[in-house]
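Please consult the sequence and structure shown here.

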Amino acid sequence: METPADLFYRQLPKVELHAHLNGSVSVATMENLISRKPHLNIQQSMTAIHKGQRRTLDECFQVFKVIHQLIDTEEDILMVAKAVIGEFAADGVKYLELRSTPRDEAHTGLTKRKYVETVIEAIRQCKQEDLDIEVRFLVAIDRRNGPEVAMETVKLAEDFMLSSDGVVVGLDLSGDPTVGHGRDLLPALQKAKNCGLKLALHLSEVPSQKEESELLLTLPPDRIGHGTFLHPEVGGSKSLVDKVRERNVPLELCLTSNVKGQTVASYDKHHFGYWYQLGHPCVLCTDDKGVFSTELSQEYQLAASTFGLSQEAVWALSQQAIGCSFAPDHLKEQLHQRWASLRPHIFQ
Ligand SMILES: CC(C)=CCNc1ncnc2c1ncn2[C@@H]1O[C@H](COP(=O)(O)O)[C@@H](O)[C@H]1O
Ligand SMILES: [Zn+2]
């Protein structure tokens with residue numbers, strides 16, 4: 001049953017900036033995929049982490065392997081992307097930046113180019129169907145695949161940035177943080193930045209990435225994913241925090257993801273508290289709403305109840321996220337107007 005509080009958070013206009021496509025697949029869509037591929041012998045419990053459950057980071061990455069087996073044709077990718085966009089819209093998200101890793105042809109039968117085209121087609125169809133949501137796309141680099149693939153991905157992203165009518169706006173760096181070193185990816189990321197792609201990088205998602213984070217902050221990225229271990233209280237450093245603050249790089253913070261993935265011990269210990277009290281731009285995001293069984297409205301509610309945020313503070317947080325997006329200025333302006341026109345309905 002939806003309570004008045006739930007309603008406030010669902011109706012609150014929101015911006016989602018950190019959502020991995022294949023991690024964002026809902027239970028309903030997953031059931032559909034599973035029933036279409038019975039030979040894979042996959043159960044729903046293998047694709048999501050439910051309430052109260054936790055997994056090690058390694059186990060979480062195994063979940064993506066299972067999901068990727070279920071989503072491996074053009075038809076699947078189109079269907080999943082449209083469903084995910086529709087679900088974010090139904091949760092009150094007005095602007096969404098989706099990210100996804102173009103997979104090898106051997107896994108999908110599609111070229112990487114076709115993979116990106118399929119996601120863009122889904123975005124186009126949602127727009128045509130008048131869904132109340134603006135969607136942009138970040139092409140993702142999986143750090144496990146090394147520097148050559150990273151460079152290839154940058155070239156692909158650049159091509160689409162120039163030919164997708166503004167749908168592709170940037171690049172994401174993600175994948176298992178314990179594999180590889182950012183130093184090897186620096187030339188690709190530098191190239192991406194030079195050609196005008198915006199950079200959203202997973203940074204210090206696990207401890208002992210201090211050196212890598214120092215290095216990647218020299219780019220600097222346009223946004224940081226997680227940044228869980230940047231601050232000194234958890235083994236980061238003042239110098240890292242100072243760099244992030246000097247460059248005013250917004251953080252994408254995903255409470256449920258971090259607690260269920262066990263990089264943060266409990267909600268009240270989440271680094272949202274640290275950065276929010278500094279007044280640093282923080283954007284609440286879902287990361288993988290399917291895998292972690294959450295929604296963006298739920299993340300806002302969780303942050304508010306954990307850190308004692310008033311409804312006004314919650315509103316300010318959702319509005320501030322517009323400025324942290326990679327949307328062009330005219331769209332940011334439209335979104336601000338939209339927020340202003342919705343405000344009286346939310347605070348009745
Ligand atoms: C394991 C865990 C706690 C996950 C949350 N933190 C994450 N950290 C790094 N990369 C991620 C995370 N969640 C999703 N991804 C990336 O997103 C991919 C799934 O979405 P897609 O296929 O790119 O559309 C994963 O294979 C992985 O490369
Ligand atoms: Zn992520």
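## Largest pocket

The lining of the largest pocket comprises 37 residues, with F64, H68, T101, D142 and R144 lying nearest its centre. On a 1 Å grid over the protein atoms alone, a pocket is an open set of points with protein on both sides within 12 Å along at least five of seven lines, and lining residues have an atom within 4 Å of a point. Two or more lining residues come from each of α3 (57–70), β2 (93–100), α6 (112–128), β3 (134–142) and α11 (255–260); helices (H or I, at least four residues) and strands (E, at least two) are DSSP runs. The greatest contribution is that of α3, with seven residues.

The lining has 10 nonpolar, 16 polar and 11 charged residues. The pocket holds about 740 Å³ of space.

## Basis of the model

The model is predicted: local features need pLDDT of at least 70, side-chain atom pairs count only at pLDDT 80 or more, and totals for chains, interfaces and linings use all residues. Residues are numbered from 1 along each chain as its sequence is written, and side-chain values use heavy atoms, leaving out hydrogens and water.

## Zinc site

H18 (NE2), H20 (NE2), H202 (NE2) and D287 (OD) coordinate the zinc ion (ligand 2) at 2.1 to 2.2 Å; donors are N, O and S atoms within 2.8 Å of the metal (3.2 Å for Na, K and Ca). Their spacing in sequence is H-x1-H-x181-H-x84-D. H20 in strand β1 (residues 14–20) and D287 in the loop between β8 (282–284) and α13 (296–307) are 267 residues apart. Both H20 and D287 are buried (under 20% relative accessible area, 1.4 Å probe, protein chains only).

Methods: Chains are lettered from A and ligands numbered from 1 in the order in which they are written. Buried means under 20% relative accessible area, exposed over 50%, partly exposed in between (1.4 Å probe, protein chains only). On a 1 Å grid over the protein atoms alone, a cavity is a set of points where a 1.4 Å probe fits but cannot get out, and a pocket is an open set with protein on both sides within 12 Å along at least five of seven lines; lining residues have an atom within 4 Å of a point. Grid points are joined across faces, edges and corners, and a volume is the space filled by probe spheres set on the points. Ala, Val, Leu, Ile, Met, Phe, Trp, Tyr, Cys and Pro count as nonpolar, Asp, Glu, Lys and Arg as charged, and the others, Gly among them, as polar.
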